[in-house]
Amino acid sequence: MKVTLSALLLVTTFISHTAGVVNVNITVLTIQAVSNIDDLFVGVTLDSSLLPTPQHWKGLDFNSQKVQTLAKGLSPCYLRIGGTEGDSLTFDPTGHGTVDINRAFTGATWDAVNTFVQDVDWKLIFGLNALKRKDGHWDPTNAKELLQYTSAKGYQLAGLELGNEPDIFPGQYNITVSGSQLGMDFYNFKKLLQSTPGYEITPVIGPDVATVTRSETFFADFFTGGGDRAVDRITFHHYYTNGHTAQLPNFTDSKLMDTLVSTIQTALDVSRRTNPLTPVWLGETSSCYYGGAPGISDRYVAGFLWLDKLGIAARMGLKAVLRQDFYLDNYPLIDTDTFDPLPDYWLTVLYKRLVGGSVFSVEASVDNSTIRAYAHCTKPSISYGYMPGSVTMYFLLPTINTTSITFPQFPDQPVDVFWLTPINGLTSKTVALNNNPLKLVNNTLPELKPYRTERNTITFPGKSFGFLVFPEADVAACSSQ
């Protein structure tokens with residue numbers, strides 16, 4: 001990526017401790033941008049297990065005004081449908097075929113989700129069954145049937161995947177598909193799309209490995225086997241820890257947060273050997289695998305891992321992060337019973353509203369266990385009145401210390417504060433913005449107003465996080481946005 005010398009926002013942090021309060025001085029130096037993201041950087045997922053007809057989407061009502069309002073609040077947005085069960089599913093247009101209904105999805109099911117994404121301005125990515133196999137190779141017969149149906153209906157696809165977490169097929173299905181064989185399957189799939197009217201330029205996305213660090217050889221073999229010529233977006237998955245054993249302190253553990261860096265670096269190092277210009281995505285990700293940690297992964301405290309993941313991913317050059325899940329399990333953005341928005345929903349909405357394209361480096365004179373800071377250009381906004389040149393920073397305070405942050409470079413400048421705190425402790429399902437509890441009002445989103453201050457020092461409670469916007473920063477690197 002070509003960068004200019006005037007684009008980096010370098011944030012140097014000096015911290016001193018006095019009487020239990022952490023005092024932070026932040027100095028901003030504009031040198032060069034380290035990366036860029038777009039409006040689709042943050043996406044969401046739904047699990048393939050929702051698709052079989054007997055599941056009835058496990059209660060998710062696409063026609064609910066509340067669900068549609070919450071979905072529109074995230075648009076524009078990718079919706080990726082994939083997961084372990086995707087590699088056991090068959091498309092049965094009429095529902096009257098010979099396939100077990102618990103392992104099939106129908107045209108009516110496909111119609112429902114496609115209508116929904118059109119209504120809420122989302123973009124659909126779908127994971128095809130990679131275990132449809134014949135003579136050791138992927139069999140595209142059922143995929144062709146789905147594509148023909150989709151084309152006849154006029155539905156648009158933002159991308160197609162082939163298989164979910166193929167590196168762990170032996171444990172999931174007692175079947176082994178090597179990385180090189182999967183790469184060749186992808187190559188043949190790409191050729192199929194290029195020869196199918198209406199799908200010639202549909203992005204091929206993959207390989208959606210479960211873990212790049214433990215499956216580095218599989219990942220590399222995928223590219224050398226033919227995947228390098230097939231994929232338009234490179235994907236891997238990431239979870240910090242086991243949802244069955246995770247404890248509350250894990251969610252504010254800065255050392256655990258830092259483990260993401262080496263995972264992303266491995267994915268970048270391997271993929272760039274053959275595909276240096278292909279965008280790399282976190283194609284499925286959340287806090288804990290096995291469906292999340294009950295009573296923790298859908299609460300306020302989960303926001304520490306989520307916001308930090310967005311910050312690290314953007315800084316390191318990933319181009320999309322797809323959150324598992326919008327609905328279902330223990331880590332959704334909306335409540336499975338009531339469809340009410342959960343804390344990470346509000347955090348995600350604010351991120352999408354405030355965080356703009358250019359990503360800037362943040363450096364601290366101390367380790368990041370006390371304060372974790374990220375910086376971007378502000379997304380220009382008519383509703384907030386933010387103009388090009390503005391800067392958005394977001395901070396996580398993972399310790400119990402009250403923290404006072406001083407911005408000597410912006411004396412007497414206005415700062416808009418969007419600070420999120422829990423209503424009833426870290427495991428609260430209700431979050432407050434600037435001490436005002438957030439909830440839908442007559443099935444519409446509230447305004448999400450900041451409070452404005454011209455104080456040069458702003459103090460925040462420990463174990464909290466939020467966003468600060470400097471609307472008059474006049475940063476040259478942000479002036480062209």
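Predicted model: local features only at pLDDT ≥ 70, side-chain atom pairs only at ≥ 80, totals over all residues.

Residues are numbered from 1 along each chain as its sequence is written, and side-chain values use heavy atoms, with hydrogens and water left out.

Q: Why is Gln265 called partly exposed?
A: Buried means under 20% relative accessible area and exposed over 50%, with partly exposed in between (1.4 Å probe, protein chains only); Gln265 has 31% relative accessibility, and therefore counts as partly exposed.

Q: Which residues of α7 are buried?
A: Among them are Leu260, Ile264 and Leu268, and the buried residues of α7 pack against α6, β13, β14, α8 and β18 (372-378), where contact means heavy atoms within 4.5 Å.

Q: What caps the N-terminal end of α7?
A: Asp253 does, with a side-chain oxygen 2.9 Å from the backbone nitrogen of Lys255.

Q: How do you know that β8 and β11 pair?
A: Two strands pair if DSSP finds at least two bridges between them; strand β8 (residues 122-128) and strand β11 (residues 159-162) have 4 bridges, in the parallel sense, and Phe126 stands opposite Leu160 in β11.

Q: What makes up the closed barrel?
A: The barrel has 8 strands, in the order β4-β5-β8-β11-β12-β13-β14-β15, with parallel pairing, and neighbouring strands of this sheet are turned by 30° against each other on average, direction ignored.

Technical notes: Helix = DSSP H or I, 4+ residues; strand = E, 2+ residues; numbered from the N terminus. Axes fitted to C-alpha atoms, helices over the stretch in contact; angles between N-to-C directions. Polar contact = N/O pair within 3.5 Å; in protein donor to acceptor, adjacent residues only side chain to side chain.
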